[in-house]
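User: I'm new to reading protein models, and I'd like to know where the words come from. Could you walk me through this one?

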Amino acid sequence: MEVYMNNKRFQTLGEFIIENQADFQYSTGELSRLINSIRLAAKTVNHEVNKAGLVDILGAAGSTNKHGEKQQKLDVFANEIFIQTLTNREIVCGIGSEENEDIIEVSGADNSNLNKYVVLMDPLDGSSNIDVNVSVGTIFSIYRRITPVGTPVQMEDFLQPGKNQVAAGYIIYGTSTMLVYTVGKGVNGFTLNPAIGTFYLSHPNMTTPPNGKIYSINEGNYVHFPQGVKDFIKYCQEEKDDRPYTSRYIGSLVSDVHRNLLKGGIYIYPSTAKSPNGKLRLLYECNPMAMIVEQANGRASTGLQRILDVKPNQLHQRVPFFCGNSSMVEKAEEFMSRYKE
Ligand code: AHM
Ligand code: MG
């Protein structure tokens with residue numbers, strides 16, 4: 001179905017993927033098929049997430065429905081859908097997920113998987129928000145493997161710095177469902193028309209405003225924050241120039257970053273006295289968000305170093321995370337650097 005508004009025809013995600021395939025430096029169609037699979041899985045997860053309010057009717061996680069099927073937690077469901085979609089089509093050679101302790105090798109039906117890409121993902125981030133009807137999201141990060149094609153995938157294929165990502169994106173299951181992604185040539189956002197199950201290009205070439213007025217951080221942890229972060233918060237609250245800024249924190253990474261990307265703002269999950277590396281995971285939360293934010297003219301760092309330059313050493317490693325429009329992140333880094341040892 002074609003969608004027109006003010007005589008303008010909106011492109012579907014499927015059309016966009018095909019038309020922009022040449023944008024990608026190793027254009028073989030493989031990456032396009034991969035994004036297409038993510039699009040399909042996203043629609044299935046979206047359908048399920050939107051049924052979450054019917055939990056009293058359909059049964060809570062752990063219970064059995066009238067067909068004798070055990071109801072699953074939505075994050076487990078989302079994980080299975082993404083893994084199934086990517087493995088059934090043999091579109092990648094390996095998957096790393098927040099929900100799986102170890103990497104998953106996708107060997108293919110006859111053990112001859114010649115695919116070049118690995119995917120890292122957080123299938124349903126912020127899932128503790130589902131019960132209260134707050135937006136959640138899926139985050140994904142894509143790399144070319146570095147070990148030889150046709151051999152079993154290795155941990156080193158996943159432990160690459162974020163600057164090696166060939167694509168990254170997120171899906172936000174919100175008031176409307178959007179898929180936002182980049183292949184390193186800017187960021188584009190697609191909104192799902194749930195009536196017909198099609199994503200349309202609603203936000204072409206997304207860029208974050210140069211100046212923001214929103215800061216997003218869990219201030220409940222204030223006493224445990226590093227002094228640089230405490231000083232930055234006080235700076236945001238000061239009555240001077242265009243300040244005080246507005247505090248907005250949903251506690252759902254995809255939603256907080258998405259809002260700040262569109263409106264201008266900074267998201268911070270710093271180290272705390274209790275968690276010296278912060279809470280968020282480098283490989284499937286911070287790196288993909290950092291690539292998107294940089295591609296949208298923003299900035300992402302640990303407070304002291306560019307996120308995309310961090311060399312990972314563990315699949316589930318955590319890292320302090322500052323991301324948003326460049327001027328606000330630079331300002332926070334300035335405060336952080338004052339206390340650098
Ligand atoms: P999760 O992967 O267990 O869902 O945790 C990640 C979430 C992010 O979406 C969110 O930004 C952060 O945790 C909120 O943490 P907190 O409740 O400590 O503020
Ligand atoms: Mg998560």
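**Asking what the words mean**

User: What does arginine 243 touch, leaving out residues up to four places away in sequence?

Analyst: Arginine 243 touches Tyr235, Cys236 and Glu238; contact means heavy atoms within 4.5 Å. Before we go on: this is a predicted model, where local features need pLDDT of at least 70 and side-chain atom pairs count only at pLDDT 80 or more, while totals for chains, interfaces and linings use all residues. Residues are numbered from 1 along each chain as its sequence is written, chains are lettered from A and ligands numbered from 1 in the order written, and side-chain values use heavy atoms, with hydrogens and water left out.

User: What makes the pair of threonine 177 and asparagine 46 a polar contact?

Analyst: A polar contact is a pair of N or O atoms within 3.5 Å; within protein, one must be able to donate a hydrogen and the other to accept it, and residues adjacent in sequence count only if both atoms are side-chain atoms. The side chains of threonine 177 and asparagine 46 make such a contact at 2.5 Å. Threonine 177 sits in strand β8 (residues 177-182) and is buried too, at 7% relative accessibility.

User: How do you know which residues coordinate the magnesium ion (ligand 2)?

Analyst: Donors are N, O and S atoms within 2.8 Å of the metal (3.2 Å for Na, K and Ca); water is not among the atoms, so sites may look incomplete. Glu98 (OE), Asp122 (OD), Asp125 (OD) and Glu285 (OE) coordinate the ion at 2.0 to 2.5 Å. Glutamate 98 lies in the loop between β3 (94-97) and β4 (104-105) and aspartate 125 in strand β5 (residues 117-125), so this pair ties together parts 27 residues apart in sequence. Glutamate 98 is partly exposed at 28% relative accessible area, whereas aspartate 125 is buried at 10%.

User: What makes a group of residues a nonpolar core?

Analyst: A nonpolar core is a set of buried Ala, Val, Leu, Ile, Met, Phe, Trp, Tyr and Cys residues joined through side-chain atoms within 4.5 Å. The largest one here has 41 residues, and Leu34, Leu124 and Tyr173 are among those with the most contacts inside it. Helix α2 (residues 30-49) gives the largest share, eight residues. A second, separate core of 28 residues includes Met178, Tyr267, Tyr269 and Phe321.

User: How do you know how the span of helix α9 compares with the expected one?

Analyst: The expected span is 1.5 Å times one less than the number of residues. Helix α9 (residues 326-337) has 12 residues and reaches 16 Å from its first C-alpha to its last, close to the 16 Å expected. Helix α4 (residues 74-88), with 15 residues, reaches 21 Å, close to its expected 21 Å.

User: Why are the buried residues of α9 said to share a side?

Analyst: Those buried residues are Met328, Val329, Ala332, Glu333, Phe335 and Met336. They cover an arc of only 160 degrees around the axis, which puts them on the same side of α9; the arc is that of the directions from the helix axis to the C-beta atoms.

Terms used
Helix = DSSP H or I, 4+ residues; strand = E, 2+ residues; numbered from the N terminus. Buried < 20%, exposed > 50% of the residue type's maximum accessible area, 1.4 Å probe, protein only.
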